[in-house]
Amino acid sequence: MLLLNRLKALLKTFALFINSLPRRHFFALILLLIFLLILLFIPGKKSGKKTIKRQLELPPISVSSDDYPVAEPIAAVKEVYGEVFPDFSGNREVQIEIKAGDTLSDIFQKEGLSAAQLQELLEVDKQYLRLGNLLPGQKVKLLISADSKLLALKVMIDLANTLTFTLKDDQYISLLETKKGEWRNSVFQGSVTGSFYLDAKEAGLSAGQIQQVSSVLQDKFDFNRQLRFGDSFHVLVAKQYIDGEYSEDSEVLAIMIKTRRQNYTAFLSEDGRYYGQDGLGLNKAYRRFPFNQKYRISSSFNPRRLHPITKRISPHNGTDFAAPIGTKIYSVGDGVVARAGYHPAAGNYIVIKHGRKYTTRFLHLSKIYVRQGQRVEMGHLIGRTGNTGRSTGAHLHYEFHVYDRPVNAMKVNLPLSKEVPKDQMKAFVQRRDLFLKEMGQEII
Ligand SMILES: [Zn+2]
């Protein structure tokens, strides 16, 4: 009570003092107070921002806060950063090896990272579609600041690919590093003793490669009925090696089946399609639209599109079709399903590889009818349109990539003709003869 009374008295005196001040002095006092407050707060904010910026430029040296000051000689740090030292205090690096069932959302929760940051990251990942379903064995690295901000995320996708997201000026920028590795050709040959599948397996071809061989020649040749004991086969396969290790990525370059009556040949052209020795197409030609009907384009391919809210450049890598939910989607060419699944931003999606050169992608689907690794032909029903993921209405987002770069699917120069175009015939013949030489074979 006594304390309260004293405080009251003090306040009264203070009020009297303020009241007794001339007006000008009163305002000067207020201004001084405001100035002091600004001095207190502004530099604090500024230095905070600076710290984060410097942390972003971390080269790959250890940033774990426990061992940093001891382990890194100052001179070495100076060499890397110049005179400006980064502030490592509080940053932590987390390394995770993905186990079956792990999701990025679980990892974020465990590390105390916000759902908003995860959303931003997934939005950027729409161009890669890699964070939707992480695979067992993949390694993930996170760099997290003391105030639970994700500064960087690195995913080792496979032997060849590493994907990095880095926070810069409040947004995530991404980088996909792909090791080209080395493509080496091998010849697999054998003679038929019973089933082509078993003989080809015996010769060293994988199940996928054998399937590819029979699918390429299926319109010309019946492997079950037309093969006889003693017939022979030669298959040229390109295999990718990363740092000396087989990446499981391969491509059938050339096929020759020799029967008593006739030889059957197939050669992979630069355009991802197979042609006979005379340049006649063995696969169906590509088609422009993934539908059987025409639908209005609601948003075109636009690499320089400005985001309506942030006004930042956020490319539209595909063509949007205003197709009602449930519209059937067909593969535009022969290929293999590289990935299919769910992604929080892209919704249900399908990625199809058409040889090494072309890739197509279908986003926001309601239904997926294919699975990873499945071979599809042009016109194969792969799914149905929908409105899943972050989507503003029923539509199909359709992407076409050439050597992993998105291009305008409505304008890209597609191999639409049945045989090798005249202006590419010379290159095709050169390639064909090179493959034949590698197989030790000649055209009869
Ligand atoms: Zn779109």
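A: Arg 92 stands opposite Ile 144 in β2. This pairing belongs to a predicted model. β1 and β2 (residues 139-144) run antiparallel and are joined by six bridges.

These two strands open a sheet. Five strands make it up, in the order β1-β2-β3-β4-β5. The sheet is open, and its pairing is antiparallel. β1 (92-97) and β5 (171-178) are the edges, each pairing on one side only. On average, neighbouring strands of this sheet are turned by 15° against each other, direction ignored.

A helix comes next. Helix α6 (residues 115-124) lies across β3 (150-156), β4 (161-168) and β5. Its direction makes an angle of about 45° with β5.

The largest nonpolar core has 39 residues. Leu 150, Leu 153, Tyr 349, Ile 350 and Phe 362 have the most contacts inside it. Several elements give two or more residues to this core, including α6, β2, β3 and β4. Also among them are β14 (335-343), β15 (347-354), β16 (358-368) and β19 (396-402). β3 provides the largest share, five residues. Domain 1 (68-178) and domain 3 (297-407) both contribute residues, so the core lies between them.

Leu 150 shows the packing up close. Setting aside neighbours within four places in sequence, Leu 150 is in contact with Leu 113, Gln 117, Leu 142, Ile 144 and Leu 167. Ile 144 is the residue that Arg 92 faces.

β15 and β16 are antiparallel, with six bridges between them. Val 351 stands opposite Arg 361 in β16.

β16 is mostly covered, with eight of its 11 residues buried.

Last, the wider chain. The chain has nine helices and 20 strands. Of its 444 residues, 26% are buried. Among contacts with a separation of 6 or more, 61% join residues 24 or more positions apart.

Note on methods:
Residues are numbered from 1 along each chain as its sequence is written. This is a predicted model: local features need pLDDT of at least 70, side-chain atom pairs count only at pLDDT 80 or more; totals for chains, interfaces and linings use all residues. Helices (H or I, at least four residues) and strands (E, at least two) are DSSP runs, numbered from the N terminus. A residue is buried if 20 or more other C-beta atoms lie within 10 Å of its own, exposed if 12 or fewer, and partly exposed in between; C-beta atoms are placed from the backbone. Two residues are in contact if their C-beta atoms, placed from the backbone, lie within 7 Å. Two strands pair if DSSP finds at least two bridges between them. Axes are lines fitted to C-alpha atoms, for helices over the stretch in contact, and angles run from 0 to 180 degrees between N-to-C directions. A nonpolar core is a set of buried Ala, Val, Leu, Ile, Met, Phe, Trp, Tyr and Cys residues joined through C-beta atoms within 7 Å. Domain bounds come from an automatic or database domain assignment.
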